[in-house]
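Please have the coordinates open beside you while you read.

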Amino acid sequence: MVVRSSKDKSASGEDSDSIDWNTDDELEIQEDTAFSSSSTLTTRGVEAIASNGEASSSAGVSHSKLVKHFVGMGFPEKLVSKAIAENGEGDTDSILNTLLTYSTLEDSPPQQLCVNSDPISSDYDENLLDDLSDMDGWSENETEDNTSSLSEGHKMLLSLESTGSLSENEKMLLSLANMGYTLEESSIAMKRCGPEASIVELTDFICAAQLSREEDIYLPDDDLKPRYNGTSKIKKRKFFEICKKKNDPDTETIRLPNPMIGFGVPSLQPENINRSLPESAIGPPFFYYENVALAPKGVWDTISRFLYDVEPEFVDSKYFCATARKRGYVHNLPVQNRFPLVPLPPLTVQQAFPLSRKWWPSWDSREKLNCIQTAIGSAKLTERIRNALEQYDCDPPSSVQKFILDECRKWNLVWVGRNKVAPLEPDEVEMLLGFPKNHTRGGGISRTDRYKSLGNSFQVDTVAYHLSVLKDMFPSGINMLSLFSGIGGAEVALHRLGIKLKNVVSVEKSKVNRDIVRSWWEQTNQTGNLIDFDDVQDLNGDRLEEVISYIGGFDLVVGGSPCNNLAGSNRVSRDGLEGKESSLFYDYFRILDLVKSIMGRQV
């Protein structure tokens with residue numbers, strides 16, 4: 001869940017805070033107009049609970065009728081009684097906000113962070129998502145039953161509360177502690193979110209922190225800072241000068257364009273494309289690097305600097321398909337004479353899901369979906385939406401519409417029946433991202449792993465448009481080094497372009513993803529060689545020399561390193577390229593530079 005700060009700036013790259021706390025795609029789709037991504041169910045106004053014309057804000061509404069109203073919306077009766085006791089019977093807005101606050105943890109599991117490796121087992125991942133999306137609601141009895149296990153700090157706050165001597169900050173700490181959070185994580189959240197943060201913002205922050213820590217448990221503890229490799233052409237002094245220079249704010253010049261069409265998309269072409277490559281960037285080999293566009297400030301300047309000062313190309317995949325995916329690409333490919341894959345994919349939600357038109361309400365004006373994530377909306381959330389809608393014979397009030405639209409946009413929910421929304425199925429995500437049907441299905445791969453693998457993949461149509469220039473350049477086929485291969489987005493793109501894959505060296509940490517690529521390779525009757533490694537950090541100069549000697553050199557080096565510490569949905573360990581996972585970018589640079597050096601010596 002994302003809470004948009006009033007200090008946030010536009011995605012077009014205006015100077016802003018050092019970190020943009022929005023999601024990967026800012027949750028903005030229609031006409032580039034940003035809408036609120038802080039869908040914390042804080043629906044305001046009596047329309048959210050009024051039914052059959054009754055003025056539920058009336059002070060005369062009985063306790064039983066209030067309970068019936070809220071229970072009818074899907075809230076547990078025990079939680080409703082508690083909220084009424086806390087706020088009084090006359091303030092229905094406060095009651096609703098209290099209920100929705102307590103229910104946030106039930107309905108909205110934090111989005112999983114982007115990662116191209118698979119350190120978490122399938123069973124653990126499924127259990128984690130189930131726990132986050134379907135946990136039981138918090139209740140007063142649970143707090144009373146567990147008093148004996150409270151921390152000393154929590155007990156002290158409870159003691160001070162009884163004397164009425166708590167400050168406002170201490171009251172907020174106690175509220176969070178009563179909801180099950182530790183005082184340490186609550187204090188950190190209050191410090192990071194500021195003194196004016198609401199209880200919803202704080203719980204949202206803590207949830208993201210907890211999920212990030214769960215991921216970190218299963219990740220290696222190696223120091224993944226930039227490494228110097230003696231066989232590289234980059235001299236040691238220059239290497240460390242680059243590392244130091246990347247923190248210089250005066251060098252931060254890259255700004256995100258609006259519209260985000262890079263050097264052109266099939267439907268829009270800039271009038272003048274003036275692109276010149278530094279001499280050090282000119283191949284062989286061609287290289288192609290991808291990551292999230294909305295990274296912390298200065299990240300893309302650093303990426304560009306390491307990748308031979310090549311200007312990034314920022315593109316939103318909404319120009320290629322029915323879902324957004326704002327990404328940055330650094331490459332030395334030509335930008336003239338590109339062409340799209342055919343047949344063209346559906347470009348709107350209605351084209352992609354024609355059967356949904358019958359149920360799509362007029363007040364849901366979405367034409368594009370948001371960025372595909374690695375997690376989906378819970379069953380309890382879709383049930384709550386259905387319960388809210390079934391109270392009205394016609395269109396619901398605007399406040400209810402807003403709540404539903406915010407959740408639909410956030411979780412990419414589509415209409416599948418009267419008053420019924422549902423998350424995308426894995427095969428529907430495959431279609432939106434340009435993969436063949438059942439690409440991630442079978443072979444013992446769980447639904448959770450399918451969503452995770454797809455959420456971290458390329459959008460094939462976008463990548464194919466950029467790589468299409470290679471078709472005439474390599475009529476007999478191509479040798480590719482695929483780093484952080486994922487589920488083979490680049491391989492699928494080249495295959496769909498009709499470019500023969502002679503030799504592909506695939507490096508991917510996740511066994512699930514390696515199995516998917518191997519299965520696709522066999523089912524598409526590839527005649528070339530697929531060689532796979534499981535860790536980019538183990539790919540050193542000796543191994544590369546051996547592989548290059550065997551296949552005769554690489555024509556293309558492609559990859560997208562993990563975005564864990566770059567993505568806007570990570571508000572806890574969004575440490576940029578110094579983060580534990582995203583620092584693997586330096587391995588892409590290290591390996592690319594080694595390849596250029598080895599191939600340069602062989603000329």
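1. Let's begin with helix H11, residues 299-306, which is mostly covered: 8 of its 8 residues are buried. Buried here means under 20% relative accessible area, with exposed over 50% and partly exposed in between (1.4 Å probe, protein chains only). The buried set of H11 includes Trp-300, Asp-301, Arg-305 and Phe-306. Just after H11, Tyr-308 has a positive phi of about 65 degrees.

2. A word on what you are looking at. This is a predicted model, in which local features need pLDDT of at least 70 and side-chain atom pairs count only at pLDDT 80 or more, while totals for chains, interfaces and linings use all residues. Residues are numbered from 1 along each chain as its sequence is written, and side-chain values use heavy atoms, leaving out hydrogens and water.

3. For the overall picture, the secondary structure of the chain comes to 22 helices and 9 strands. These are DSSP runs numbered from the N terminus (helices H or I, at least four residues; strands E, at least two). Of the chain's 603 residues, 58% count as buried. Among contacts (heavy atoms within 4.5 Å) with a separation of 6 or more, 74% come from residues 24 or more positions apart.

4. How do H13 and H14 pack? Helix H13 (residues 379-389) and helix H14 (residues 398-411) pack at an angle of about 155 degrees, their axes 11 Å apart. The axes are lines fitted to C-alpha atoms over the stretch in contact, and angles run from 0 to 180 degrees between N-to-C directions.

5. Residues in contact between the two helices include Leu-381, Arg-384 and Ile-385 in H13, and Phe-403, Ile-404 and Glu-407 in H14. The contact of H13 with H14 divides into 8 nonpolar, no polar and 2 charged residues. Here Ala, Val, Leu, Ile, Met, Phe, Trp, Tyr, Cys and Pro count as nonpolar, Asp, Glu, Lys and Arg as charged, and the others, Gly among them, as polar.

6. Two loop residues deserve a look. Cys-563 lies in the loop between strand S9 (556-559) and helix H22 (585-602), and counts as buried because its relative accessibility is 6%. An unreviewed UniProt entry annotates Cys-563 as "active site"; such annotations may be inferred rather than shown by experiment.

7. Thr-348 sits in the loop between strand S3 (326-331) and helix H12 (349-352). Thr-348 is at 18% relative accessibility, so it counts as buried. Leaving aside neighbours within four places in sequence, Thr-348 is in contact with Ala-322 and Glu-367.
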